[in-house]
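Reader: Thanks for sitting down with me over this one. Could you walk me through the fold and a few of its residues?

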Amino acid sequence: MMGNILPFTPLWASPPGRTIRTRLDEIGLGVPEFAERLGTPVPVARGLLDGRETITIDLARRLSGLLGASAEFWVARDCQYRDDLVRVETSQWLEELPVREMTKFGWIPPQPDWASRADACLSFFGVEDLAQWRSAYEPMLAATRMRTSMAVPSRRPAIAAWLRKATQDAGTIATAPWNAAALQDSLDAVKALTRAKNPGIFLPRLQSLLASSGVALVVLRALPGCPASGAALFLSPDRAMIAVSGRFLADDQFWFTVTHEIGHLLLHQPNHAILDDPSSPGGADNPEEQEANQFAAETLLPAGIRAQVPAQALTARDVISLAQAAGVTPGIVVGQLQFTGRLGYDQLNSLKRRYTWNGPNLGTA
């Protein structure tokens, strides 16, 4: 795919202007005199020196007549510089991608060298080169509404990779046409699934339940540089996607993320991805995030149940009783009460169920 990228060489690019400036120093010409003798405006002359101006055949002939060397030399010198720039920019892009994890997770095949890794990553995104990637993914990333943890550094290429893989996986899931009423009606069944301990049991059921409402559910391991817990997106007017990363590997976070993303689909019907970390305070001033948070909180632990929270110090028995009344797992109640400040984040965490990754699959810890 990257036929214009040479095999790995030192990652730097020297503009033709460096050669031009050396020759100007030798013959004692300043920039204004250089521009005058070359027959170009001063900004064009400066552009030749700093690499912004491409050396055309006409400019190459003028440079040859003024500074020596052949016109072919100057054209080749500029072409080599442009190729070097592509290689340097592609290398910087690769550094922003979690290539090791993408290879480990089987998203791209192992590669022996830099150029092959670049080809594999471009192929993963379905583009020929970095210019195409920017054209395809920069607008998507600009339109994506992101609310992620301030404590976890984010990198835009890593976010694009996670969303790309999630969308690919969603494409393999058969769904009925989008049906908002059916999704709303399925919320009690979703809550009932929270009581299942093993993701190997509840995930297929959850995927089937959501698919019947037109939603493809993808559970996809998080990448370094993509600190999202989940994402919601309409892939077409009749088909939506929820992606969940399982980043915190706990039942309260997992189920809050699922219901938070369901809230986005029902309330906002986004045609660009909403990337979320529902545990982050970063969306406190965002009305859509407030609405999705409120939707998830009311779904999992309705106001009537919250009103039953004892005023005194809470015990495990209190939490279990509240969970039974709400029809959810006790860990969800702990998480909700921690989020609202009723419990400290160090309290009653033993009631949460923990998950782990078994390869690409979420399992019990």
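This is a predicted model: local features need pLDDT of at least 70, side-chain atom pairs count only at pLDDT 80 or more; totals for chains, interfaces and linings use all residues.

Reader: Is Gln269 buried, partly exposed or exposed, and what is its relative accessible area?

Author: Buried means under 20% relative accessible area and exposed means over 50%, with partly exposed in between. Gln269 falls into that middle class because its relative accessible area is 44%.

Reader: What is phi of Gln269 near?

Author: Most residues other than glycine have a negative phi. Gln269 is a residue other than glycine with a positive value, and its phi is near 45°.

Reader: Which loop holds Leu249, and what is its phi near?

Author: Leu249 lies in the loop between β4 (239–244) and α13. Leu249 is partly exposed, with a relative accessible area of 25%. Its phi is positive too, near 55°.

Reader: Let us move to the helix. Is Glu261 buried or exposed, and what is its relative accessible area?

Author: Glu261 is found in helix α13. Leaving aside neighbours within four places in sequence, it is in contact with Gly230, Ala231, Ala232, Ile242, Ile274 and Asp276. The cut-off for buried is under 20%, so Glu261 counts as buried, at a relative accessible area of 0%.

Reader: How many residues are in the second, separate core?

Author: Among its members are Ile108, Trp162, Val218 and Cys226. This second core is separate, with 41 residues.

Reader: Which residues does Phe254 touch, beyond those up to four places away in sequence?

Author: Phe254 is one of the residues with the most contacts inside the largest core. Not counting residues up to four places away, Phe254 touches Phe202, Leu203, Leu206, Val219, Val244, Tyr355 and Leu362.

Reader: And the whole chain: what radius of gyration does it have?

Author: The protein chain has 17 helices and 7 strands. Its C-alpha atoms fill a box of roughly 90 × 40 × 35 Å along the principal axes. A compact globule of 365 residues would have a radius of gyration near 21 Å, but this chain has 28 Å.

Notes: Residues are numbered from 1 along each chain as its sequence is written. Side-chain values use heavy atoms; hydrogens and water are left out. A nonpolar core is a set of buried Ala, Val, Leu, Ile, Met, Phe, Trp, Tyr and Cys residues joined through side-chain atoms within 4.5 Å. Buried means under 20% relative accessible area, exposed over 50%, partly exposed in between (1.4 Å probe, protein chains only). Contact means heavy atoms within 4.5 Å. Helices (H or I, at least four residues) and strands (E, at least two) are DSSP runs, numbered from the N terminus. The radius of gyration is taken over C-alpha atoms; the globule rule is 2.2 Å times the number of residues to the power 0.38.
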